[in-house]
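Student: Could you take one part of this protein and walk me through it closely? I'd like the cut-offs spelled out as you go.

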Amino acid sequence: MTATVPARSDSPMNLRHEEAVWRASVCRMRSSHVTIDVTTATVPSKAVFRVRCRMRLRIGQRTEGLWVDFVGRSVDSLSVDGQPAAVTWDGARIALPVLDLGEHVVEIEARGLYSNSGQGLHRFHDPVDGATYLYTHFEPSDARRAWPVMEQPDLKTRFSLEVIHPRGWTVMSNTCPVTGGAGADVSADADGAETGDCYEVTSFAPSKPLSSYLTVLTAGPWHRVTGQWSSASRQDLTIPLSWSCRASLADHLDAAELLDITRAGLDHYDRAYDYGFPWDSYDSVLVPEYNLGAMENPGCVTFNEDLYLFRGPATRSQRAGRANTILHEMSHMWFGDLVTPTWWEDTWLKESFADHQGTWAEAEAAGYAEAWTTFASTRKAWAYLEDSRSATTHPVVAQVDDVEAARQTFDGITYAKGAAVLKQLVSHVGQDAFLEASGRLFERSAYGNATLGDFLHVLSQASGLDMQDWARAWLHTAGPSVITDELVVHEGRIVSLTLCQEGTDLATGKPVLRPHTLIVGLYSFDDDGALVRTHRLPVTLRTDRLEILEASGLPAPDLVVVNDEDLTYAVVRPDDVSLSRLAASLGAVRDPMARALSWSMLHNLLRDAIIGAPLFVETVLAHADDETEPGTLATLLNQALRAACRYSDRQTAQRLLERLISEDLLQEHPEGPQPSAVHGGWGRLRAAAPGSDAQLVRVRAWLEAAGQAMLLGEETRARMTVRIRRLLNGGLPGLEMDDDLRWRALTALARLDAVGPDELDAQRKADPTASGITCHLRASSSMPHPELKATIFDRLLTDTTLSNDHVDALIAGFAVDAHRHLTSQFTTRYLHELQEVWSGRGQEIATRLVTDLFPVCGDEDDAQAVDDWINAHPEAPPALRRLLLKSLDDLRRALDARRAASAST
């Protein structure tokens, strides 16, 4: 009997889950050896590289329709078991002939294309020294853009790599390089490969079994600092370490701190997990033009240099964020790499776990005790944002029908909500049971794949609890629970305190109640005027209502904080007294976590149009003082600007924006002895301690807000121009105006039409780096000129030579909130071009164009136009529809908030 392949997706670049299941059922990969020739990389005009792949397959039954994935310039030859076979390649799949039961060797020679999108094999030419760098990024399905593969996570194989490259380059992959290598038979050809002394060969030892998306290549004249780590408890476990960056950035590589964090993380996980570090090396490479924060390639983790290589002043929260990312990726060496999800619906098995474990390790091993506070104010804000979109939210365990849909699962639900749910799980079963279950999963599924069922099985064993009901409530339903409190007080004492839970599974519309293990905190003013916790009440909420009997008779609090310590995942609605107290006195809350949770409550109320933008913005200005944790402060100032520009009608927006960029005001009190200060954004900035984190956070936020002053008229625009010039000229004591801040200031001036090309060009000459070129493009694209907006829009739609970073820069210049009067006309054309953009560009660039050109500051007409387009195009790819629905939900929320604010004034 011959096995035949299921029906293929209409999109030739797509892979359906059903097809992947079939391929895994008939074929297993024994090994894959890749030889890649990148000697053409240093020549910008050369777009092609040569690659050869040798696969050993095990076929379970006679099979027709099997294929190998490859996307590139050409497929030059195919042989099976040493015999030439006809090449049938449609640009995405190489068809294999009928294969009989048993072992087979497939050899393919092909030509690939260097990438400028961050997908596949990305090439970068350093403008400072002319050096060329290469790196790969493959998740979820872009290894096929570098070499022939079977592109699905459950076809793991032992991977070995041989790289022919310019002499003097440093090349890194999943394993340590080995001496020698065969490459002499790869000769020069018309594609421009170098010969003789101009190139050399680096070969790598075969890896332990890997999924295709986890294979990696980085190559170039990297600046590299090495070290090593040894386990304190596992004899003979010593791992070589390194951190690398571009040679032109060597002076900025703080390798000692980075290696210290790496060692601290490895020590932490070595103690926590029963399974020792599972790979042979641990290189970390900071790469340019990266699409995300980092990628957990086993043995060779890639990081975004723009985010994590600090070229100027950096706040403690930035350093903490970098440590978090390092530890997140390190956790993946177990969660995701050692044990990999069978298919993308279980992406949470790696991303949620790494988000949770990385934050835990940041607090426990890296010295950032505030890690969970930052998680509550930033990561969970992302989760609530994604999870409240009724048309696009999904359960933590998502339904993923194909790899296009898989790209959409790397969102705030899979990462941040999943991590918050795991924090609740640890509260529910205990840390020891969670770590024991993890160790059992590693042992049982090492170098293989796993599903939710596998994890629940070991978790039930470790905890002694049946976890199926918990999983159904938390992992298979969508949308957040909403928890409120009802406080009844008489003569200064609590009569009753009741928690109420409601929830709707936004994916099905059915009601859902989840078990919540949480803390209720009662806060009162102390003699110094601080709001401090007086009582801590542990609660397990399983039903729609629960009276907390322990609260009865206690002194009436000034503030009730539901979900104090942030143990569970839920949207909390404060009682009326607590809401009024927060608006008046949130700055008096001294505990950083309680303060962060209070801010989170207010922001959710804003997004749900329960409070208006004026209350939120004024509360931020009044109470987000310099004692606020820097990560939380940065988030709040960003949210306040968004509230002013997008959640307000024009008149309210002007008033709130004026407050965000103005000096402090004095407010007279008829019964008070002297006037009090009403804080403005400029006043807060000037009052910040020189050289402090708060000063750096505030100046970044103020420049962003000042750049929106076109909304406020000529007089205010002129005043902001003077203040920005003052900053550029060193007029704020303690502030170091590095290149980053200078570009931010110049971009703000460009948005105000208050800077010319000569000044921008001068700064570009002063900062000739890749970052400087990108910043120059953003600033020069930010001027409020109608003809410039049209030129940028056309270029974004037609110029396929733009790198991912330059696409971002052009979009940032085009889509300025205060320039909506110039960009509103493009909504019709945006919708007209959507399908062409989606089909004609790589999904990474297409996603940026679809999401970031959406009319986020639009009106009812824009919302209706988008809704009409969605209804008129039922055939549009689901991933494209999902992006539009997410942005449409955000726009409708903004419109609801504008109406709510108008109704309350």
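Tutor: Let's look at one helix, then at the cores and a sheet elsewhere in the chain. Keep in mind that this is a predicted model, where local features need pLDDT of at least 70, side-chain atom pairs count only at pLDDT 80 or more, and totals for chains, interfaces and linings use all residues. Residues are numbered from 1 along each chain as its sequence is written, and side-chain values use heavy atoms, with hydrogens and water left out.

The helix is H9, residues 431-445; helices (H or I, at least four residues) and strands (E, at least two) are DSSP runs, numbered from the N terminus. H9 has 15 residues and spans 21 Å from its first C-alpha to its last, close to the 21 Å expected at 1.5 Å a residue (the expected span being 1.5 Å times one less than the number of residues). Its buried residues are Ala433, Phe434, Leu435, Ala437, Ser438, Gly439, Leu441, Phe442 and Ser445. Here buried means under 20% relative accessible area, exposed over 50%, and partly exposed in between, with a 1.4 Å probe and protein chains only. The cover over those residues includes helices H2 (255-272), H5 (348-364), H8 (413-429) and H10 (452-463), plus strands S22 (339-341) and S23 (448-450). Just after H9, Tyr447 takes a positive phi of about 60 degrees.

Now for the cores. A nonpolar core is a set of buried Ala, Val, Leu, Ile, Met, Phe, Trp, Tyr and Cys residues joined through side-chain atoms within 4.5 Å. The largest one has 155 residues, and Ile36, Trp147 and Phe455 have the most contacts inside it. H8, one of the elements covering H9, gives the most to this core, with 9 residues. Apart from it lies another core of 90 residues, including Leu559 and Ala640.

Four strands form an open, antiparallel sheet in the order S10-S11-S16-S13; two strands pair if DSSP finds at least two bridges between them. S10 (120-125) and S13 (170-172) stand at the edges with a single partner strand each, so one side of each is left without a neighbour in the sheet. Inside the sheet, 2 bridges join S11 (residues 132-137) to S16 (residues 218-220), and Tyr135 stands opposite Thr218 in S16.

Terms used
Contact = heavy atoms within 4.5 Å.
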